[in-house]
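This report covers strand pairing and helix packing. Please look at the sequence and the structure first.

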Amino acid sequence: MLDHFPLWATTSLSAKRALPLHGGMYDFVIIDEASQCDIPSALPILIRAKHAIIIGDPRQLTHVCTVSQRLDWVLSRKTGFSSSHLYPSRFRYSDKSIYKCAVVALERPPILLDEHFRSHHDIINLSNALFYRGRLVILTDPTKLLSCFGPTEPAIRWVDTRGQVVRPPGGSAYNEIEAKRVADEVTHMVDQLHNETFTLGVVTPFSRQQHLINEYLQSRIEPSVWESTKLIAATAHKFQGDERDIMIFSPVVSEGIKAGTLYWLAETPNLFNVAISRARSLLIIVGNLAYCLQSNGLLKQMAEYVHHLSIEAELRRAEAESLLASLAEKRLYQGLLQREVKVTPKWRAGPYETDFAYMDGDFHLDIECDGAAYHLEAGRQRRQDMVRDARIRQLGWEVLRLPAWKIFDDLSDCLNQIENFISRKRPAIHSISNLPHADD
């Protein structure tokens, strides 16, 4: 057979049935996903080859092992592998993959395959920053990604969902409200893209959350859609080596989560990497944004990255729609977005256009960025703006003006002025509006 078919593909566990036990029968063996292959499973392949090429990602998941490290140590002593030269530095079944074994055997750095062609820049750049020290060169062809999302939209979206984390005795954590919201997002994607051909997946670190999501999806998604989109809701282990056009990540991190569970998440960076890097065109994170921002480590870094992406996307949208008339306005808008002060650029107050409008109930604030012309005492622009401000105040608005030079010189102080102005004025407005009417 080898005379006619020199190239064979098999799994490591199928070698016994498929191939004779002849040493060196192949010139080369290539073991892919080697970081997820334990050493004993690789031996039947290696014995049949003259040379080996080991390909894997040490920043992704290793094999699942039910043997404890204590039992591993006992067995190693019985079989003569307890020498410090061999165990655990070179061989240990419980947590050493054939990839790690090969790296030690080489005694030189492995070759990094640093060119990435699969995922949108926004998606893979998160993994690149968190796990690969920025060494990946992203060469993804955008024409191969889904084209149904706007050019100004980020490829990672955060759907802010609070919920409560529950961890029953002896079980894994789950967040029921988050699971329902994940099902909502899946349904929304299926409805929105019903004319598109795409694949879809849901990933979570916790098996109980996986089952809960599947329960909600079973009653909502038609069997034909499950098949056409290759829809699956599973833990990260199921997705290693796999991909989807759209992935939804349910981290199950919110109020009620135990410190030990958070610690486990922080100590499993490879699981995190797999979870956030399976998407090609769009990654949707459904979780408690504020809680993650207040956490430490990977959760915080992920939340900050997505928050930054949303700000950059909003700036691109505002510029594309010509809503920012100057660099000072762009800088101020960016600062307001970072502090989560929700304003609308170029909102109309009666016949007048604001630079930025802050609106909360009965309280309306016009925030203006003043260029050099406004600050000339005899300037025509200044006189016109003073009259304009008086007219806007007659419509029930407050007006706050900030000089452009100040925005560039001390943005933080300008943002503080805005927040202080809002906090001073807003309570007074609300206290009036909340008074009972005469006919109550």
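Arginine 157 stands opposite isoleucine 284 in β11. The model is predicted: local features need pLDDT of at least 70, side-chain atom pairs count only at pLDDT 80 or more, and totals for chains, interfaces and linings use all residues. Residues are numbered from 1 along each chain as its sequence is written, and side-chain values use heavy atoms, without hydrogens and water.

Five bridges join β5 to strand β11 (residues 279-287), and the two run parallel. Pairing here requires at least two DSSP bridges between two strands. Helices (H or I, at least four residues) and strands (E, at least two) are DSSP runs, numbered from the N terminus.

The sheet is open and has five strands, in the order β5-β11-β10-β8-β9, with parallel pairing. β5 (156-160) and β9 (232-235) are the edges; each has a single partner strand, so one side of each lacks a neighbour in the sheet. On average, neighbouring strands are turned by 20° against each other, direction ignored. Helix α13 (residues 297-320) packs on this sheet and touches β5, β10 (244-249) and β11. The direction of α13 makes about 110° with that of β5. Contact means heavy atoms within 4.5 Å.

Another parallel pair is β1 (residues 26-31) with β2 (residues 49-54), joined over five bridges. Phenylalanine 28 stands opposite histidine 51 in β2. With helix α2 (residues 39-46) these strands make a right-handed β-α-β unit. Right-handed means that, with the strands pointing away from the viewer, the path from the first strand over the helix to the second runs clockwise.

Two helix pairs follow. Axes are lines fitted to C-alpha atoms, for helices over the stretch in contact, and angles run from 0 to 180 degrees between N-to-C directions.

| Helix pair | Angle | Axis distance |
|---|---|---|
| α6 (residues 176-192) and α7 (residues 207-218) | about 45° | 9 Å |
| α11 (residues 269-276) and α13 | about 25° | 11 Å |

α6 and α7 are therefore oblique to each other, whereas α11 and α13 are roughly parallel. Angles under 35 degrees count as roughly parallel, over 145 as roughly antiparallel, 65 to 115 as roughly perpendicular and the rest as oblique. The α6 and α7 crossing is right-handed. α11 also passes α13 in a right-handed crossing; the near helix is then turned clockwise from the far one by less than a right angle.

In α11, Pro269, Phe272 and Ile276 meet Leu298, Leu299 and Met302 of α13. That contact has six nonpolar, no polar and no charged residues. Ala, Val, Leu, Ile, Met, Phe, Trp, Tyr, Cys and Pro count as nonpolar, Asp, Glu, Lys and Arg as charged, and the others, Gly among them, as polar.
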